[in-house]
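Welcome, and thanks for taking a look at this protein. Below is a short briefing, grouped by topic, to read alongside the sequence and the model.

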Amino acid sequence: MNVEQIYTGCLAHAAYYVESNGEAAIFDPLREVQPYIDRAAKDRARIKYVFETHFHADFVSGHLDLKKKTGAEIVFGPTAKPGYAALIASDGQVFKVGDCQIKVIHTPGHTMESTTYLLIDEQGQEHGIITGDTLFIGDVGRPDLAQHVVSELTEEKLAGHLYDSLRNKIMPLSDALIVYPNHGAGSACGKMMSQETTDTLGHQKKVNYALRPDMTKEEFIQELLTGLTPPPGYFPQNVLMNIKGYDSLDAVMDRAKIPLSVEAFEAVANETGALMLDTRDAEDFAKGFVPNSINIGLEGSFAQWVGEMIPDLRQKILLITYPNKQEEALTRLSRVGYDHTIGFMEGGFDSWKDSGKDFGTIDRITPQEFETAVASGTPLVFDVRRKSEFESEHVLGAHNVPLNDINQHLSQFPKDRPFVLYCAGGYRSMIACSILKQRGWNNLKDVVEGFGGIAKTNVGRSEYICPTTML
């Protein structure tokens, strides 16, 4: 039995490829399915099944396109009710893939249909468990997502189900089993996942807070729910796409890959009100951008921040990318359900600039220039990192407006005096700057390298830094 984890860092997502004797199964695939098809072709294997651990919230699964292109059967665990043809397995049901077996273990809690798959090799030995969002490395799945789709569920009820699933279904299994989760550190589906993406179940029983053997159900529920931040706004919409179905990725790409001249791009933007999304890095965006465009760079957690900052998946989008980067941007948008891109600027921003049209810029200052500003008088400073980052350490006197909350707190930013923004390294603060510029704020500056750079200056080694102990 060949088991491979296929990890995608920008979404902290893990899909799995399992192959035995010419047959293969894919678990929790991303929307672009060709890599899985190519992987099976390399082994001259037929993809027999697409196993889904649950209806995902943070990405659109590729199960429908895999079925269409390969004939593979889609399998969900008990209680799942998809709006398309799929096999709904029973608890304990066993599937054959070549000479190995896949056993269904219903583990409700993260969602009610959540299912763990036990991998049994050709010799009948239990090898590992593909746990979806039931069990992560160092954490377990948050139990508050399904309630946004099924109103009668509460996070307390789901957490109770998860406690029972872990104690009664997962923890009695062999310590030697390898745990293969759906996500790693950086995913919003948990709160304290490890950087490691696999581990043994035995080690997790020792180190994972949620698997403490002496923990009562009440203690588990309280500990699991403490510290949960609101999920990104696109999560419920992705769940519904995974339940009801969606357009094929090929169709989405065909209608989006439309090169537009500068004049055509401007005309389409004016006619449709489409959002102009510039995916270049922060440094290049600051030097020049199409007026009213916003910046979310491909080099960061692009899909997650698109999902955080653009609340409506039906939003029409016009892309501005580096040359030959439009397909990557479109693919990564589609992973989280943004299927309504209507074209891209041919030649990227350079075409706009070369046409002689006006363009915007954003002032950036170095950490040393920020240090000078602090020394000469306290500037108005906004920290757009998450609350937990801010509470750990921040510039004394800075106001915390987390980037994902910025649209709800625009009134905190003055238009009659200058201010400075920073994040951890400059990625999020440029997103914030672009949004503020689009909304009419002009007297702002961004700190290059963000708090990471500030911390290396005298500001970072002085009374101007406020650590947790001073809060």
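**The open sheet**

Six strands, in the order E1-E2-E3-E4-E5-E6, make up an open sheet with mixed pairing. Please keep in mind that this is a predicted model, in which local features need pLDDT of at least 70, side-chain atom pairs count only at pLDDT 80 or more, and totals for chains, interfaces and linings use all residues. Residues are numbered from 1 along each chain as its sequence is written, and side-chain values use heavy atoms, with hydrogens and water left out.

- Strands (E, at least two residues) and helices (H or I, at least four) are DSSP runs, numbered from the N terminus.
- Strand E1 (2-8) and strand E6 (87-88) are the edge strands, each pairing on one side only; two strands pair if DSSP finds at least two bridges between them.
- Strand E2 (residues 13-20) runs antiparallel to E3, and the two are joined over five bridges.
- Val18 has Ala25 in E3 standing opposite.

**The largest pocket**

- The largest pocket holds about 1,100 Å³ of space.
- A pocket here is an open set of points on a 1 Å grid over the protein atoms alone, where a 1.4 Å probe fits, with protein on both sides within 12 Å along at least five of seven lines; lining residues have an atom within 4 Å of a point.
- The volume is the space filled by probe spheres set on the points, which are joined across faces, edges and corners.
- Of the 43 lining residues, those closest to the centre of the pocket are Ala188, Thr229, Trp305, Glu308 and Arg386.
- Helix H10 (302-309), helix H14 (387-392) and helix H15 (427-438) each give at least two residues to this lining, and H14 has the largest share, with four.
- By class, the lining has 15 nonpolar, 15 polar and 13 charged residues; nonpolar covers Ala, Val, Leu, Ile, Met, Phe, Trp, Tyr, Cys and Pro, charged covers Asp, Glu, Lys and Arg, and the others, Gly among them, are polar.

**Aromatic rings**

- The count comes to 17 aromatic pairs; rings of Phe, Tyr and Trp (its six-membered ring) pair if their centres lie within 6.5 Å, with planes under 30 degrees apart called stacked, over 60 edge-to-face and the rest tilted.
- Phe55 and Phe76 make a tilted pair, 4.7 Å centre to centre with 40° between the planes.
- This pair links distant parts of the chain, 21 residues apart: Phe55 is in the loop between strand E4 (46-51) and helix H2 (63-70), and Phe76 is in strand E5 (residues 73-76).
- Phe55 is buried at 8% relative accessibility, and Phe76 is buried at 1%; buried means under 20% relative accessible area, exposed over 50% and partly exposed in between (1.4 Å probe, protein chains only).
- Ring pairs also join Phe27, Tyr49, Phe51, Phe95 and Tyr117 into a cluster.

**Charges over rings**

- The charged end of Arg385 sits over the ring of Phe451, 4.4 Å from its centre; the rule asks for NZ of Lys or CZ of Arg within 6 Å of the ring centre and within 35 degrees of the ring normal.
- Lys415 lies over the face of Trp441, 4.4 Å from the ring centre.

**Positive phi angles**

- Most residues other than glycine have a negative phi.
- Asp28, although not a glycine, has a positive phi of about 50°; Asp28 lies in the loop between strand E3 (23-27) and helix H1 (34-42) and is buried, at 1% relative accessible area.
- Asn324, also not a glycine, has a positive phi of about 70°; Asn324 is in the loop between strand E16 (317-320) and helix H11 (326-335) and is exposed, at 71% relative accessibility.
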